Amino acid sequence: MVGPVDIRVERERPLDPEAPPPRPRASWHLRANAIVIAWLGLTVAVALGGDALPAPRWLLVHVFLLGAVGTAILIWSEHFTVALLRVRTPPRRGSLTRLAALNAATVAVLAGVSAGPWPVAAGGAGLMVGVVLWHGTVLVLLVRRALPGRFGHVIGWYVAAAGALAAGGVLGGLLSAHLGHGALHERLHAAHAEVNVFGWVGLTVLGTLFTLWPTVLRTRMSERTRRASRVGLGLAVPGLAVAVAGLAGGWRWVAFAGLVVYAAGGLAALVPLAEALRRKQPHTGASWTLAAAIVWFEVALAADLVVVATRRAHEVAAALDSLLPLVLVGFVAQTLLGSLLHLLPAVLGGGPARFKANAALLERGWAARLAALNLGVPLLVLPVPRPVTLLGWALVLGSVVAFVVLALTALTRARPGGAPPPAAEDAEGGRTWRKSLPAVAGVAAGCLLTAAAVVAATSGGSGPATPVTATGSRTVEVTLSGMSIRPAAVQAPVGTVLTLRVTNADAQRHDLRLATGERTPLLAPGRSATLKLAPLGEPVDGWCTVAGHRAAGMTMRLVPTGAVASRPQPSTGHTGHGDHAATAAGPARLDLAAPMSPDWKPYDAMLLPAPGGAEHRVEIRAEDTRVREVAPGVRQRVWTFNGTMPGPVLRGRVGDVFVVTFVNAGSMGHGIDFHAGATAPDGPMRTIQPGERLTYRFRADFAGAWLYHCSTMPMTQHIANGMYGAVIIDPPDLPKVDREYLLVQGELYLDEPGTDAHVARIRKGEPDGWMFNGTASGYDHAPLRAEAGERVRIWAVAAGPSSGTALHVVGAPFDTVYKEGAYALRTDDPGGAQVLDLAPAQGGFAELVFPEPGTYPVVDHSMRQAEAGAHGLFKVAGR
Amino acid sequence: MTWWSAVRFLHVLSAALWVGGQLTVSLVVLPLARRLLDEQRRAAVLTAVGRRFGILTAAAFLPVQLGTGVALAWRKGVTWSSLADPGYGRILAAKLLLFCAVMAAAGLHGWASGAARPGLARTMAVSALVGSLGVVLLATALPAT
């Protein structure tokens, strides 16, 4: 077999009298490249296997890039180095060991990430880093040993590429070990992708093009090549290093600057290629294909620049995901195709006539194939409807398959009877190919037969299909967060039609796939999707398909309970443990004991004293796009005043004037209604449209804890979705206390605001939970503080929309209760109170003294509401 | 340990002999013959090996395999319609079809060797070998009872 460089050398200098590379090289390369072909085959298998595999997207990318492309780069960068430097081949044993170790490491990484345990993957990544460092060292030693030559500069690119994979491998190892969660994980992911694609693959391709491109164009190498190569490498490598550091560290503009420098380096390297282009138009399929690949490289780089400039560092990885087909197909695969188009005729050998015939065969219809592939690539990337995306895949795959068919035809045509081979080397390679062809065909046929049989055998599930009839339905909220799926187990009677509403409450991307085949798309943080399942017959496993997450514990199980759900039980009797089955159709229960997300901040319940002055100016902006953590691990969109639920607290004294500038920054009409003011509703409480503002002026003539809320119909929606807040007007001579807290209680309806199910549940008044200050059980996770013996005043407002509260502190009776403008109980009265009861929209306060250190729950003593989130804790410390 | 164990033993043993025999011929006999024998002798030896293996297949392997296989299926209560059921039935059906394909490939190999079409003969031999490994794979996938 002859590498491209050998061909070029032959062409440039008529003949080198002694250029006899040792013969074994041919068969060595043939065998080494067989590994590449095998990985490519596996890539196709993974692509077709799709959803049946764990972590299919990850696997597809890594089988292709680590297996096929990685092996190819390892083999060919060493081969080119030897050929360009005209040095002796390094010891075969070393090359073989590196190749074996790289493949072993690849297998370890693939197995470790997709099936676990993660130390296998991390170990594989470590081994891979070791191999590429060794590879880089070998290249450096070869350069040292060689005489100064015209092509030595290319090796620098290969060494830098090896360094890039070493860095990328380290990052990959960290990712597989789940080091760094949430945003940090996403940042490392972005850095990992950038350094591997633009470093390991990009630098190698750029370096190779210096010699390959003029060869393909059949022109001389530009005089400026060496200089351009120096400058390009000098810019690209530090640029990439800075970019990767910036992405990993979360410094967006550092990353952007680094990428700009890298892009400048890339452009500098393309200067001699462009010059060659000016000298000679591309005229062959190979040259056009390579040119298209370079264009896609530039497009990918430009898109990458835009992404990095417009996203925060932890959002880059998600945004780059959609660019993946462009890079993999447009740039990497097309580079491979272009190179093969050029190299294969030489590899096949068989004399000048055969060379010509093979080249002509491979180039047959190249214009159409090129057009199809490059038309397909943008369709894969752009946000087009699904059928169009499928058309894109068809175009791309059709083009690739056409090439493969032509290549195989060329291979089989290389039959005995051709002209005698010109060089022993070619003949050796060709003969080996031809000889092994029947065996290869046999293996392929056998594997295909077996695969077909296995597919037939495993189709239609693993057990006898007993049709399960639907007996009921139930909706379950499923939350993906913190490397777990909540609830981890769902029990439902056989035949229940489960609907899973899956929400990603984490700061990184997840999805949910069930063993029965249903799956959500990859969900960005805060996004939701709904899965409707077939009637539950047997236990079904679910898991997150993002690489490594299943192994890390992101699994769930749907378990049918034995009893067939009977008709709704008679309402008279107590149904005992069958109760669960009967209420299965009710709303899903929140998992209030689950941890809050790490980045959740509780609404500050501490109430500040009224500011001085008799006039208070405040701006309140209505918004309806915020996503808040409304219960542990549950994020959903809420409608807010000034971005918080409840809205800002207004506090003043009797007679104070409030001048509120109300701005509608939302996407629909909103208004505002302050109960504390006396004014005709027509003007200030009118609904204003997005972008409009109004001034709402009122004087607080009466003391009390007042509600304010959105005044736009339907108010159930606007209030239930979060548009409420409190106005506190201190009664005259309000005594000073040690601490004041404010709890605004509201109802929680899970779901996207405005959806039919959400609206219906609000109208029926069936909340999924209750919240103090916007989070169900929030103060269980971030307890309120006090000290024993302190007098604590708890202000409360019931925002509803439909339920009030019976506020109670376990273990500490109230000695003062003030409700709706009047004291119901004064501090020096002999009696006490156990509950501050408020109907919807009422407000007041209660005072108590904590007798001793301890943990005192504060609850809505309508226990259903307490158990569904109207629950918090006072942590009382000793003095 | 019942008589059925003996039947199952025969089924497994005969399969092992047939697959193992193919592997031995492909991995041991063929390479050595290529290296040690000249072209004429090699052809003679390989033809003889092929003929003997073919006779063994037709005279011993196939009758034993079919007989014990049918018996085991009968005991298991397999019916024609149950072959379509997902799970045991479908795996068994796939295995039988693959087995038929392997036998067809082996037969083609014999014919191609006789008809002096070495390329086709080799292709068929290798696909029969790989396919029979697939049969073993499916056999291990059958749920045990």
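How many helices and how many strands does chain B have? Chain B has four helices and zero strands, where helices (H or I, at least four residues) and strands (E, at least two) are DSSP runs numbered from the N terminus. The model is predicted: local features need pLDDT of at least 70, side-chain atom pairs count only at pLDDT 80 or more, and totals for chains, interfaces and linings use all residues. Residues are numbered from 1 along each chain as its sequence is written, while chains are lettered from A and ligands numbered from 1 in the order in which they are written.

From the N terminus on, the elements of chain B follow the pattern α-α-α-α. An unreviewed UniProt entry lists residues 12–33, 53–74, 94–112 and 124–144 of chain B as "transmembrane region"; such positions are given in the numbering used here, feature names are shortened, and annotations may be inferred rather than shown by experiment. Over residues 12–33 of chain B, the model is 100% helix and 0% strand, with the end C-alpha atoms 30 Å apart. Residues 94–112 of chain B are likewise 100% helix and 0% strand, and there the end C-alpha atoms are 26 Å apart. Of the 145 residues of chain B, 24% count as buried. A residue is buried if 20 or more other C-beta atoms lie within 10 Å of its own, exposed if 12 or fewer, and partly exposed in between, with C-beta atoms placed from the backbone.

Chain A has 21 helices and 27 strands, and buried residues make up 48% of its 879 residues. Among the contacts in chain A with a separation of 6 or more, 74% are accounted for by residues 24 or more positions apart; in chain B the corresponding share is 68%. Two residues are in contact if their C-beta atoms, placed from the backbone, lie within 7 Å. Between the chains, 21 residues of chain A are in contact with 24 residues of chain B. The side of chain A that touches chain B has 13 nonpolar, eight polar and no charged residues. In this classification Ala, Val, Leu, Ile, Met, Phe, Trp, Tyr, Cys and Pro count as nonpolar, Asp, Glu, Lys and Arg as charged, and the others, Gly among them, as polar.

A:Trp39 counts as buried because it has 21 C-beta neighbours inside 10 Å. Apart from neighbours within four places in sequence, A:Trp39 is in contact with A:Val63, A:Gly67, A:Ala68 and A:Thr71. A:Trp39 and A:Gly70 are 31 residues apart in sequence, and their C-alpha atoms are 9.9 Å apart in space.

Helix H3 (residues 56–85) of chain A and helix H7 (residues 183–217) of chain A have axes that come within 11 Å and cross at roughly 35°. Axes are lines fitted to C-alpha atoms, for helices over the stretch in contact, and angles run from 0 to 180 degrees between N-to-C directions. On the H3(A) side, the contact is made by A:Leu65, A:Val69, A:Ile73, A:Ser77, A:Phe80 and A:Leu84, and on the H7(A) side by A:Asn196, A:Trp200, A:Val201, A:Thr204, A:Thr208 and A:Thr211. These residues divide into seven nonpolar, five polar and no charged.

Chain A also contains sheets. One open sheet has four strands in the order E11-E16-E15-E13 (chain A), with mixed pairing; two strands pair if DSSP finds at least two bridges between them. Strand E11 (650–653) and strand E13 (673–674) of chain A stand at the edges, each with a single partner strand, so one side of each is left without a neighbour in the sheet. E13(A) runs antiparallel to strand E15 (residues 704–709) of chain A, joined by two bridges, and A:Phe674 stands opposite A:Tyr708 in E15(A). E15(A) also pairs with strand E16 (residues 724–730) of chain A in the antiparallel sense, over six bridges; here A:Gly704 has A:Ile729 as its bridge partner in E16(A). Six of the six residues of E15(A) are buried. A:Gly704, A:Trp706 and A:Tyr708 point one way from this strand, and A:Ala705, A:Leu707 and A:His709 the other way.

Another open sheet of four strands, also with mixed pairing, has the order E10-E9-E12-E14 (chain A). Its edge strands are strand E10 (634–641) and strand E14 (693–699) of chain A, each pairing on one side only. Within this sheet, strand E9 (residues 615–631) and strand E12 (residues 657–664) of chain A pair in the parallel sense over eight bridges, and A:Glu619 stands opposite A:Thr661 in E12(A).
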